[in-house]
Amino acid sequence: MPQPYKINSIEEYYAAYNKSVQDPEGFWDDIAGYFLWKKKYDQVLEWNFEEPHISFFKNGKLNITENCLDRHLGTLGNKPALIWEPNDPEEHHRVLTYRDLHNKVMQFCHVLANNGVKKGDRVCIYMGMVPELAIAILACARIGAIHSVIFGGFSAQSIADRLIDTHSECVITCDGAFRGNKEVPLKAMVDDALIGCKFVKRVIVLTRTRTPVSMIKGRDVWWEDEIKKVESNGQRDFPAEIMDSEDPLFILYTSGSTGKPKGVVHTTAGFMVWTAYTFANVFQYSGDDIYFCTADIGWITGHSYIVYGPLANGATSLMFEGIPTWPDAGRFWDIVDKYRVNIIYTAPTAIRSLMSYGLGPIQGHRLDSLKVLGSVGEPINEEAWHWYNENIGKKRCPIVDTWWQTETSGIMISTLAGITPAIPSYATLPLPGVQPILVDDHGKEILENEVTGNLCMKFPWPGMIRTTYGDHERCRKTYFTTFPKMYFSGDGAFRDAKGNYRITGRVDDVLNVSGHRIGTAELENAINMHTGVIESAIVGYPHDVKGQGVYAFVIFEGSKEDMNMVRKDILETVTRTIGAIAKPDKIQFVNNLPKTRSGKIMRRILRKIAEGEMHAIGDTTSLLDPAVVTEIIKGKV
Ligand code: WTA
């Protein structure tokens, strides 16, 4: 299907941008006109950032799956919607056309309904990267249940936290997941989580790895058996539930600078319009392009740019179960050649990891189908940018460095492939509808260019966060009070003379490790749970592959006989409480932490030590005991 809202030239970009600022309502009204509504909205936008209250397309009625599936059937019914490449290259791949996907989603809607799931219920999904994950998500959306996908790297404790916070009575999982040469026991992890979550009434388990699992009578059912029942009942069509524009579509948990992860809530219409619009424009998808996003659906990138954005545009989305380095570091490039991929969207950490294998794994690959290269998740350093450009894009594919967040649900600042100019390490210009503003630490707008400031948004866009699940005040405090009347991203940015933005990284206590957000407070809490640990402080330091590594300073007062073992025990505690993805790279045991007289840890100093920038530690006179610093420097790992 043609994307009528696609920008085709730089002039069109400026025209769209200007209109989106001067007449935002008219701008979004035009774009929303290209979607399928069951009832048109009465008002395009209603908002204030004080509460905050954001409503796009008020009183509109729709179902996002009709926009992603049903409306394409006439023209694109036989077009591949999803191509699935399994972990093991020897296993057969799968292709689901729009018609296949539509049928499977409707079938699974019956499964959900037969198992008591209804509109408004929350459903947690903890699965590997199999097509059934996309099917489960879309079926929830069709039935009006709010999905909350949990990344497969999270621990049982993290699953339990999310089940409790969302009060989900239904969980969808797999027996296990394949990742490289490993098998991840997903169902066993869910079982551990459920020990403390008796309110969960149903677990639907897909067979993937055939790992033996316990199936509890009355609670656990097999996906395949449930599908058979639907078939033998002759249940086929499943009409899409009528949803309000502002009905929640999903909850996705993300880490912030304080406490436990928060459930970011996105709503139906705004999310749909925003992800569809940004997908079409940033990647310049056309015709039968094969689009390959390497992210996991457990993160926002997978939600917006494997599932909803591409499908809303009638695109072919390639989904990959495995990892970039197994069976070898040429895996991505094998996939690109196998399917003649036109657009690849990956993360700087993957690029840097592949760089470390040299050019060998690229040799013997054509890569000539590629047209556009994308990057997301963290700042892409110039070296990685050039490597990607020269060795993968062969200098003929525009690179889109896309800056955005779980909270923004879609790309905010990026070049439009081949339309607006790319600059290495710059995300460049805002998308139409995005009004960035840089402010100083007092919240004063920085008007001049060639400066760095705190990156905020002064106007709403359709896909923005609506609330944090069950705690609206937390949403207000986290994003809308640091700088009044603005959405604060938590990132710093530099703006050049032409208005291009270069993201400089988080300015809060959030680390970005291999593109994963890790809250330092959350990680400290996890480490402090370990017996013998008195206190800890987490900071980031530059890491060649991960972007940032995690450095833990730990005061330990237990038995010190075998500190190596203690180190391992601490890692295990983190794995249990959050998940393996949050494990510190370095642990240094210290006797004291540098604190001010009021007892606040001076992280600035710890950061400098972790970075090895001892000369830049600066003034330590405000510390309660400056000698602590010398001692910590001596013990640096
Ligand atoms: C960082 C991922 C620089 C940033 C979509 C942001 C980036 C956080 C970029 C959000 C980029 C993401 N350049 N930094 N192109 N993209 N970030 O919520 O710090 O997992 O705040 O969303 O990743 O991470 P999240």
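1. Let's start inside. Val149, Ile150, Phe151, Phe154, Arg162, Leu252, Tyr253, Gly298 and Trp299 line the largest cavity. Keep in mind that this is a predicted model. The volume of this largest cavity comes to about 60 Å³, and its lining counts 7 nonpolar residues, 1 polar and 1 charged.

2. How many cavities of 30 Å³ or more does the structure hold? There are 2. The second largest cavity takes up about 40 Å³. Around this one sit Ile64, Ala141, Gly144, Ala145, Met243, Pro248, Leu249 and Thr268. By class, that lining splits into 6 nonpolar and 2 polar residues, with no charged ones.

3. Now for a pocket. The second largest pocket holds about 340 Å³ of space, and 18 residues line it. Which of them lie nearest its centre? Those are Ser257, Thr478, Phe488, Asp508 and Asp509. Helix α15 (472-480) and strand β24 (487-495) are the elements that give two or more residues to the lining. Sorted by class, the lining of this pocket has 7 charged, 7 polar and 4 nonpolar residues.

4. As background, strands of a sheet pair through backbone hydrogen bonds, either parallel or antiparallel.

5. Strands β29 (residues 547-556) and β30 (residues 586-590) run parallel, with 5 bridges between them. Between the two, the chain passes through helix α17 (residues 563-577), and this β-α-β crossover is right-handed. One of the bridge pairs links Ile555 to Val590 in β30.

6. Last, the charges. The count of salt bridges is 38, and one of them is formed by the side chains of Asp288 and Lys79, at 3.9 Å from N to O. Why does this pair tie together parts that are 209 residues apart in sequence? Asp288 lies in the loop between α10 (268-283) and β16 (290-293), while Lys79 lies in the loop between α4 (73-76) and β4 (80-85), so the pair joins those two parts of the chain. In general, side chains of opposite charge can pair when their charged atoms come close.

Conventions
Residues numbered from 1 in each chain as written. Predicted model: local features only at pLDDT ≥ 70, side-chain atom pairs only at ≥ 80, totals over all residues. Heavy atoms only, no water. Pairing = 2+ DSSP bridges. Helix = DSSP H or I, 4+ residues; strand = E, 2+ residues; numbered from the N terminus. Right-handed = clockwise from strand over helix to strand, strands pointing away. 1 Å grid on protein atoms, 1.4 Å probe; cavity = no way out; pocket = protein on both sides within 12 Å on 5 of 7 lines; lining within 4 Å. Points joined across faces, edges and corners; volume = space filled by probe spheres on them. Nonpolar A, V, L, I, M, F, W, Y, C, P; charged D, E, K, R; others polar. Salt bridge = Lys/Arg side-chain N within 4 Å of Asp/Glu carboxyl O.
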